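Here are my notes on the model, as numbered points. Please read them beside the structure.

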Amino acid sequence: MKFYRPAFALSVISVAMLTAGCSSTANKAENSMPEKPASAAAAPSKEPVLYTGQEALNRMMGLALKWSRDAQPARLESVPTAETTGQNGKSTVWRGYFASPSRRSTKTVVCSGSRRPDAPPFGVSTEGSEGAYNADAANLAFLPLLVKTDTDKAFAVTLNHGGAAILKKDAQQPVIYVLLKDRKQNMPVWYVIYGTSETNRKAIGVINATTGAFVSAAK
């Protein structure tokens with residue numbers, strides 16, 4: 001595979017149903033049971049919530065636009081956790097970096113479905129103070145409507161370009177995702193990273209986030 005060395009630009013920003021039928025016997029059994037009080041509330045779920053990249057970005061955009069009406073994403077990344085390998089295109093924690101020309105600053109927004117004590121708060125929240133805004137930050141920003149291919153689809157594409165071979169060797173191989181603007185193509189791309197970080201990796205698959213087309217791969 002052709003070696004591809006993406007420019008992740010970390011320093012620029014400071015630093016995405018199961019139904020079951022009931023038989024008549026089951027219905028009779030339910031009817032024979034005493035009714036529960038209407039005021040009884042179901043216990044809140046303690047299970048983590050997993051989001052695809054597009055789901056997380058959509059949730060973040062609401063808070064980002066409250067921060068600044070012209071906010072645009074400049075980077076989105078999944079955060080590796082023990083709650084999922086990321087092989088399904090999902091993560092419990094996502095972090096997004098947004099740029100605002102009018103405020104001349106950047107802001108970090110986190111979407112967390114984790115309930116672990118060491119994770120960001122459950123839900124969508126801002127993180128840290130506003131960051132510096134410069135030409136590089138402006139050039140990295142992209143329109144969120146250009147993201148038409150989600151991380152589950154991007155991951156599936158990489159399986160046909162070396163990913164399946166990696167998973168055959170390690171079924172628990174961690175996979176993380178980074179969304180950045182490709183300046184040459186002038187559109188966002190997904191970096192599907194087989195590893196725990198951008199440097200600690202076995203391979204990277206680059207997928208056009210608008211068309212879903214495979215762009216390149218790297219070891």
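1. What does the accessible surface of the protein chain come to, and what share belongs to carbon and sulfur atoms? The surface comes to about 12,100 Å², with 54% belonging to carbon and sulfur atoms (Shrake-Rupley method, 1.4 Å probe).

2. This is a predicted model, in which local features need pLDDT of at least 70 and side-chain atom pairs count only at pLDDT 80 or more, while totals for chains, interfaces and linings use all residues. Residues are numbered from 1 along each chain as its sequence is written, and side-chain values use heavy atoms, with hydrogens and water left out.

3. The protein chain has four helices and ten strands (DSSP runs: helices H or I of at least four residues, strands E of at least two, numbered from the N terminus). Along the sequence the pattern is α-β-α-β-β-β-β-β-α-α-β-β-β-β.

4. Of the 219 residues, 43% count as buried (under 20% relative accessible area, 1.4 Å probe, protein chains only).

5. Helix H4 gives five residues, the most, to the lining of the largest cavity. His161 and Gly163 are among the residues nearest the centre of this cavity.

How values were computed. On a 1 Å grid over the protein atoms alone, a cavity is a set of points where a 1.4 Å probe fits but cannot get out, and a pocket is an open set with protein on both sides within 12 Å along at least five of seven lines; lining residues have an atom within 4 Å of a point. Buried means under 20% relative accessible area, exposed over 50%, partly exposed in between (1.4 Å probe, protein chains only).
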